[in-house]
Amino acid sequence: MAPQTEISIPNTTVSDTSKPYTIYNISIRLPLRSFTVQKRYSDFTSLHDSLTSQVGSAPPAPLPAKSWFSRTVSNPAFTEERRKGLEHYLRTINGSDDARWRNTSAWRSFLNLPGSLSGQMGTKVGQLHSVLFGPGGAGAPITDAAVWLDCHRDVKAQLHDARLHLTSRDQASSPQKQHEASAAAKSCLVKAAGMIHALEEGLKNIQQDSGGWESQRLGDGELRRRKDLIATAKKEKEGLENLLNAMATKSKLDNAVATLHDTQKLIGTKTRTSGRVLGKETAETRELDNTGVLQLQKQKMADQDLNVEELRKIVQRQKELSVAINNELEVQNEMLRMVDEDTDRVQAKIEIAKKRIGRIS
């Protein structure tokens, strides 16, 4: 029985190297995750040779032949023909009842598949990250709308983990645990920032539809929704970063105060404690120092500014809709006026015809 893996080559791109070549964007959809890998024709020939060598027989579908007189970079028709041939080649192996070729290391390495498709979701998430970003944060770009949504779900997961680490840091009882929680939260926020940037670039790639095959352009409504998702993720990431910075500042001040207390205790002097007396403390501000309260106030004001901006966008869209409705009504009224004039002319002709009939009779 064939594995539950969907393979397609929806489009192609051209490399930006000094000697350009065609890149085939292979879209792979597992039961719970989707991602894209990029290969050139020479990679397919190496795969074919490796499969034949490891299994002992050629795959069930032939590989599209190499052309010595035409290049895919300068021949769109030949590019499309080869794309379809390579897609048929992969799908035939993937859907074959004989799983010998799918069970080889060459097949899994070519498609960046995990060792077992029934592994834990963490393995699949890590595989998606390695495909999208690769070592050092530079991997294959997002060119598929479904992969974009998978990446957005991972952004939300990273932000959720960062929030949990910040909660753990707030509840930690030792400086060592606080440091570990802060480092874990910072790591999640850095990953989320890189993935948000990939989402922005991926949205541009999907709209540009650079491959030209089976267009995946998004509608205006869906494009606006995805931009709002990116804006929300950015807002949440910045809020968590501000909270992390406020916690770090508070820890530094607490350590400084503790050091001062210890010093004064050693020299036998008393300290005079003071605190904020203006206004009423809340559960949110009670644990913060003056710097933390100021940072929290700035964050609240920034959130309010974002909400006002979102409201302005909504009002602007309502205004555009009202203007469009008004224009449509004007067109309809003009059409009704023309119909009314035509009716009057026909009625006048009918009256003239009646008079002539009366004279004849």
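Mentor: Let's start with Ile314, which lies in helix H8, residues 290-360. Helices here are DSSP runs of H or I with at least four residues, strands are E runs of at least two, and both are numbered from the N terminus. This is a predicted model, where local features need pLDDT of at least 70 and side-chain atom pairs count only at pLDDT 80 or more, while totals for chains, interfaces and linings use all residues. Residues are numbered from 1 along each chain as its sequence is written, and side-chain values use heavy atoms, with hydrogens and water left out.

Ile314 is partly exposed, with 40% relative accessibility; buried means under 20%, exposed over 50%, and partly exposed in between. Together with Leu311 and Val315, Ile314 makes a nonpolar surface patch of about 270 Å². The areas come from the Shrake-Rupley method with a 1.4 Å probe, and for residues only the protein chains shown count as cover. To join a patch, a residue needs over 30% relative accessible area and no salt bridge; nonpolar side chains (Val, Leu, Ile, Met, Phe, Trp, Tyr) are joined within 5 Å, and like charges within 9 Å.

The surface also has a patch of positive charge, formed by Lys19, Arg40, Lys66 and Arg71. Lys and Arg count as positive, Asp and Glu as negative, and His and the chain ends are not counted; each charge is placed at NZ of Lys, CZ of Arg, CG of Asp or CD of Glu. Arg40 sits in the loop between strand S3 (34-39) and helix H1 (41-55). At a relative accessible area of 34%, Arg40 is partly exposed.

Now for the charges that do pair. Side chains of opposite charge can pair when their charged atoms come close. The structure has 14 salt bridges, each a side-chain nitrogen of Lys or Arg within 4 Å of a carboxyl oxygen of Asp or Glu. In helix H6 (residues 175-208), Lys204 and Glu201 are three residues apart, about one turn of the helix, and their side chains form a salt bridge at 3.9 Å, N to O. Lys204 is partly exposed at 48%, and so is Glu201 at 32%.

Helix H2 (residues 76-95) holds Glu80 and Lys84, four residues apart, or about one turn. Their salt bridge spans 3.7 Å, N to O. Glu80 is buried at 17% relative accessibility, whereas Lys84 is partly exposed at 47%.

In helix H7 (residues 220-267), Lys237 and Glu241 are about one helical turn apart because four residues separate them. They meet at 3.2 Å, N to O. Lys237 is buried at 13%, while Glu241 is partly exposed at 24%. Back in the other case, salt bridges with shared partners join Glu80, Arg83 and Lys84 into one network.

What about cysteines? The model holds zero disulfides, a disulfide being a pair of cysteine sulfur atoms within 2.5 Å. Cys151 is buried at 0% relative accessibility, and Cys188 is buried at 9%.

Stepping back to the whole chain, there are eight helices and three strands, in the order β-β-β-α-α-α-α-α-α-α-α along the sequence. Of the 361 residues, 33% are buried.

Key: Buried < 20%, exposed > 50% of the residue type's maximum accessible area, 1.4 Å probe, protein only.
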